[in-house]
Amino acid sequence: MTILLSNRRLFLVCLVLLSVGCSRNTQPPSTGPQLSLMYNTEEQATEKTVTAQVIQSQLKEKGISVTLEPVTNAVFYDRIAKADYQAALALWYVDYDDPEGFLTDFYSKAGFRMAKYSNPTYDDLYERGLFAKTEKEKLQRFHEATALVDRQLPWIPLYSNSELFVLRKGTEGFVSNAYQYYDYRGVQKSDLRVATDVEVQSLDPALAYDLASKHIVTQSYEGLIALAPDGQLVPMLATDWRIVRDGNQIDFHLRAGVHFQGKWNHALTASDVKSSFERMLRVNSPYAYIFDQVEGVPAFKEKKAKEVSGFVASAPGVFSIRLSRPFPTMMEWLLAPAAYIVPRETSDKFDFTKESVGTGPFVLKSWDGVQARFDANGNYWAQAQQSHPLPRTLSLRVMKDVNTQFAAFRQGELDILNIPLALFNEFLEADGSVRPSSEYSYREVKLNNLKFITFNMQKAPYGRDEALRRRVSESLNRSAMVKQLFKGRAREATSIVPPEMFRTNR
Amino acid sequence: MRRSSPTLVILQRVGFFVLTLWTILTISFLCVYTLPGDPARLILGQRASTQTVQAFRLAARLDSPLAIQYGNFLVRTLRGDFGESLAQRRPVAALVRERAGTTVLLVALSFALMAFLSVGLPILFAIVGSPWWTRALDRVLTLFAVAPSYVLGVVAVGLFSGILGWVPAVFDATRPGCWVLPVFVLSIYPAALLARVFHRALERNSHSLSVQRARALGFPNSDVFWNEVLRVSLSAPLATLVQGIAFFVTGTFFVESVFGIAGLGGLAYEAVRNKDVALLVPLCLVFGTAVSILSVGLDIGLRLADPRSRSQHA
Amino acid sequence: MPKGASRSLGLVWLAVLVLACLLLPWLPLEDPLQLDLGHTLQGPTASHLTGTDALGRDIFSRLLWASRPTVLIVAGATSLDLLLAVVFGTLAASRGGWLDRLVLLVIDLFWSIPFVVFVVLVVAVTGVSILTLICTIAGINWVAATRIIRAEVLRLRSADFVRRARAFGFPKSDILLSEVGPNLLPLLLNLAAYTAIEVLTLETGLAFLGLSLPAPAPTWGGLLAEGLSYFQSAWWLAGSTAIVITVTLASLHLLARDIESSLD
C-alpha cells in the first residue's frame, strides 16, 4: 500500500510539473493582424472544419493569425444576430435560379443579415433591380450591385462545390440540378433507396425550406413551374403563362387531367392554387415574402382581409396573379416548394406526415422520423410522357453518419450515394478522376451555391478597413482548396454570385 | 430510529417523487430558455422576413415574460397538454409517442442483455461451479468496455456492416438482426461495470462470517449460496446500477445517432439544434421522469435485496 | 497474469504518457500544424509513423500534442470531481438530517437531467477552454463519487473504532480527520481511477458532439471525432487515437483493479 501511495505522490508531483509545463506557451506571439473565424459545427461539419483549418494555415503563411471558433447551431445564429463575431465561415444556397437570392444579405432592409453591410448606393441598385420592369434591366442592376459588393468585400467568396453522385446500375435516370432538386422519375429500378444526410424539419410544403424537407416534399408535391437542368423554366402544373397588363399580371393556364393524391383526389383547379398560396401565407411560411408584391397580400397578412384579392381564380383552368407593381422575379420565386399546390380542402393544421395529398410522382406511405416510404403514384399526370414506369417504391432515409452511408452503399442497401467529402478518397484518385467500376457510374452536378467568409461590418478593424479585407481575400489560395481539398470537384469563386446566374439564355 | 407508519413512509416517498418531478421541470425550463438563440430564426431560416419571424414569435408567445411562459407551461403540463413542437408544428405528445417505442425497446433490450451478462451469467457459472468462467467473462467484458459506446458503435458498423456485411447497415426496427449491434454497444459498458462489482461482491461475501457460520452449521452449499451470498451480493450491482441509468440516457443519444435509429435521442438532438423550447422541455421531463421512476424502482429492489442498505438512502 | 505485472504495466503506460506530455516541445516530432494537401490520408510510413490525416498532417505528432490538454483535463476534472465528492459526501454523511436529504435530492436531480442540455448551455455561455471543460465534466460527474463516498463514510461512522473514539469523547472533527480520513484513502484512490475512466470517456463524448477543444489543437476525443468520419476509408486516423485511448483506459482499469484487490 505504501508503495502505491508513494507512486501516487510521485504521480501528483508529475501532475504539478505537467500543469506548469503545459501552461508554457510554446508559440511566439504573432505580430500580424489577428482574425477570429467562427463556424457552425452542426451544418456540414466535416467540410467546414477542414476548410477552416486550410484557411487558417494559408493565412498563417501570409502573416495573418487565425483563431478558429467552432460553435453550435444556436450559438452561431445568435452571435450573428447580435453582431458578436469578427468573421464567420458559412454556406449560402438558394432555391431558385435568380441572383437576387445572393444579394439579400447586403440590403439594409432585409430581415436577417450576416454581414450587417450598409450602403445606400447598393440599396438603390438592389431595389431598382428587384422592381425592374424587364428581366434584362433586372439582371443589369443586379450585375452592378454584385460588382459593388465584390469590390468592397463584406463577403469573401471562396468556392462553389459540386455534388458527386455514385449511381448503381439502373439508376442513371436520376436527374438533379444546381439547386439540389432531386428527380427520380426517370430511374429504371423498381425499388429505389436513397438517403439524405441532414434532419428533416417538416413535410408540409409550405414549411419545407431545408434540404432534407425539400427532398421529401418534392417527391409528392409540385408547383406551377419547374426548373430544367439547363436552368430554363419549364411548365409543370401550368402549361403556359403570359405576363400581361404591363407586367402587373401573370396569367397561368393550368394543366388538365391532373389529380391530387389521397382522399381529395379531384382534379386540379385554379381555386386549389389560390387556396394553396393563401394557406402558405397563413401558416407563416419562411417563404411568405415571395408574395409581398401581390395585390391584397399585406391586408391578408394583417388579417384585415379573408382572402388575397391578387390571387384570381377566374376560371377553373386559369389562375392569375395580380401584382401591385411589375415584378419579373415573381416567376423565379414560384419555384420555391412553398408555392407547391395542395388541394383546397387542406387545412392549416393538416398532418403531412400521415399521407401526401400532392400531384407528384410518389405517394407518401409512411414517415417514422428517419425514413420516408413512397409508392408510385398510379394516377400521375406525367406518366404518359415517360418512356418507362416510375419506380414502384421509393425509400428516402436520413443517414447522418458517413460510415452508415458508406456501409449501406457497399452492402447494396443504398442505390444512389451523394458522396460526402470524407469519402472522396474512396471513389476518387489523387488527381481527382473517378475510380471506374462495373457496378456503378458517377454523376457530377455543379451547384450554384457559395462558400464564403463573412465579416462583421460593424466591428473594427475588418469592418472598417477595406484594404485589410482585400488582403485576407488575396492571401487565400482558392486554387489549392479546389484542387486538393475537393479534388477538383468545386469551382473557385471570385464573385459572390455564381457567374452562371447572369447567363443570357434565360 | 423512530418507527413511522407505512402509509406515512409511502406518502413521503410519493411527495419526494413529485418534488423531484417539479424540480426537473423547472430546471429544464430554465436551462432551455436561457440557451442562446432565437427559436424563430433558427426554425424559419435566414431568408424569412422579419414580419414572418415576428408572427412566429407572437404565435409561440416567445416574447412574453419568462414567468408567464413558465406558468403557462406548468398549467398546461398539469392538464396533460404538452403543446406543439415549434419546428415541426405537430403535437409533442404525438412525436414522443411515435419515437418512444423504439427507444424504450432499445433500453429494455440493453438492460436485459446487461443484466444477463453481468448478473445472470455469473450466477449460472456459480451454480455450475466454475468460478474461472466468471473471471474470464469479467476480463472479456472489460476488454469491450474500454471503448466509449459510440466508438464501439462506429467500429461495429464499419466492421460488421461495411466490411463483413453480416449485419444490415440501415436500421430497420422490424428486422431482428438490426437490433444486435445497437443493443450490444449500449449495454456493454454498464455490463462490464456491474459484472466487476458483482463478481467482487460474490467473492467477498462467499467468505463472510455469516456464510462460514452457515456452512459450519451444515447447511447445503446451494442453500448457503442463494440465501446468504446471492441476496447480499445483489445489492452491490444494484447500487451501481443507479449510476448506470443516467449512462443509459446519454448512451442512447449516441447509439441512436450512430445507428440511425428513429428514437427519442435523435428527437432531443434536433430539438437542441433548433432550440425548439416547446419540444425540449417536455422531452427533458420525459427523460427525467423515466430516470426517476427507474431510480425509485431500483431503490425498492435494493431494499428488498439487502435490508442493511436501508441506511444508504433517505 | 501475476498481480504485480498488471499493476506495473498500467503505471508504466501512465508514467510514459505524463513524461511525454512534459517533454513534448523537445521531442523530434513533425509539426502537428503543418498541412500537406498533396499527401492526405496516407497510411503509416517511415516518416509518418501512423500516417497522415485529411489535411496531410502527421497523425503521430498530433496524437502526442493532443495528449497535453487531454491529460490536463482528465487530471483536473478527476481531482475536482473527487474534491466535490469528498466535501459533499462527508458533509452529508457526518451531519445527517436535512443536509443529508438535501444532498441526496441534489444527486437525484443530477441523474435526471439529460446532461447534453446542461453542457450545451454552459459551453455556449462560457466558451470552450481547458478550465471550462474541467469544471463542466466535474460538474456532471461528481454525483457518482459523492454517493459512494457518502455510503462509505456512513459505514465507517458505525464502525467499531469510530464508536470507541466517540465513546472516549474525541471531537467529531478530530475523528473525521484522523480516523475516517485515512480509511477513506484507499477508496479514494480506487474512485480516482474509475473517475478518470469516466472523465476520459465523457470528454471524448463531448468532443464527438463538438463541445471540446477545437481543431487544429484538439484533445484525443477531438482527434477521434475527426477521424471517425474517415473510418472506413482511412482507419488509421481514428484507429491510432482509439488505440491510445483504449490503452490509457485499460491502464486505469488495471490500476483500479489492483487497488480494489488490495482493498479486499
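**View 1. Salt bridges between chain B and chain A.** The interface of chain B and chain A holds 5 salt bridges by the rule (a side-chain nitrogen of Lys or Arg within 4 Å of a carboxyl oxygen of Asp or Glu). One of them joins A:Glu43 to B:Arg273, with the closest N and O atoms 4.0 Å apart. Please keep in mind that this is a predicted model, in which local features need pLDDT of at least 70 and side-chain atom pairs count only at pLDDT 80 or more, while totals for chains, interfaces and linings use all residues. Residues are numbered from 1 along each chain as its sequence is written, chains are lettered from A and ligands numbered from 1 in the order in which they are written, and side-chain values use heavy atoms, leaving out hydrogens and water.

View 2. The structure holds 46 aromatic pairs over all chains (rings of Phe, Tyr and Trp, the last by its six-membered ring, with centres within 6.5 Å; planes under 30 degrees apart count as stacked, over 60 as edge-to-face and the rest as tilted). A:Phe106 and A:Tyr117 make an edge-to-face pair, because their ring planes stand at 90°, with centres 5.8 Å apart. A:Tyr117 also pairs edge-to-face with A:Tyr122, at 5.9 Å between centres and 85° between planes. A:Phe106 is buried at 0% relative accessible area (buried means under 20%, exposed over 50%, partly exposed in between; 1.4 Å probe, protein chains only). A:Tyr117 is buried at 3%, and A:Tyr122 at 0%. These rings belong to one aromatic cluster, whose members include A:Trp92, A:Tyr126 and A:Phe452.

**View 3. Charges over rings.** The charged end of A:Arg325 sits over the ring of A:Phe131, 3.4 Å from its centre (NZ of Lys or CZ of Arg within 6 Å of the ring centre and within 35 degrees of the ring normal). Likewise, A:Lys214 lies over the face of A:Tyr181, 4.6 Å from the ring centre.
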